[in-house]
Amino acid sequence: VQLQASGGGLVQAGGSLRLSCAASGFTFDDYAIGWFRQVPGKEREFVSAITWSGGIPYYTGSARGRLTISRDNAKNAVYLQMNSLKPEDTAVYYCAADPSVITDPASYKYWGQGTQVTVSS
């Protein structure tokens, strides 16, 4: 099983990034995919998630309206389009997979390595 997050980088406040999560080694379209982020010294927090079909997206309050999650089951990939980025969005972003759409990171079955997002003011 492998989940690989990519697309992070350094961007100025107000800018945009598109994160990708590439999956392999499991039946991708049986799983919901979640995005989480973590800064040093803090717990990993939920950002967004999408059901196995892609029909229902979920967002944390601070992400709603600025972030858009989508998935392409033919490519075993999930994307997180991040617009109007703020310095407080700076974190390592992780994608994770689980059969259920859940916001608790402890419950996710598979995790990938993260990608660093840095938003400068």
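A disulfide is a pair of cysteine sulfur atoms within 2.5 Å. The model is predicted: local features need pLDDT of at least 70, side-chain atom pairs count only at pLDDT 80 or more, and totals for chains, interfaces and linings use all residues. Residues are numbered from 1 along each chain as its sequence is written, and side-chain values use heavy atoms, with hydrogens and water left out.

**Exercise 1.** Determine which residues the disulfide joins, and state its handedness.

*Solution.* 
Step 1. The residues joined are Cys21 and Cys95, with an S to S distance of 2.2 Å.
Step 2. Cys21 belongs to strand S3 (residues 17–24) and Cys95 to strand S9 (residues 91–98), so distant parts of the chain, 74 residues apart, are linked; strands (E, at least two residues) are DSSP runs, numbered from the N terminus.
Step 3. The torsion about the S-S bond is about 75°, and therefore the disulfide is right-handed.

**Exercise 2.** Determine which side chains of strand S7 are buried.

*Solution.* 
Step 1. Buried means under 20% relative accessible area, computed with a 1.4 Å probe on protein chains only.
Step 2. In a regular strand the side chains alternate between the two faces of the sheet.

**Exercise 3.** Describe how S7 and S8 pair.

*Solution.* 
Step 1. Two strands pair if DSSP finds at least two bridges between them.
Step 2. S7 and S8 (residues 77–82) pair in the antiparallel sense over six bridges.
Step 3. Opposite Ser70 stands Tyr79 of S8.

Methods: Helices (H or I, at least four residues) and strands (E, at least two) are DSSP runs, numbered from the N terminus. Buried means under 20% relative accessible area, exposed over 50%, partly exposed in between (1.4 Å probe, protein chains only).
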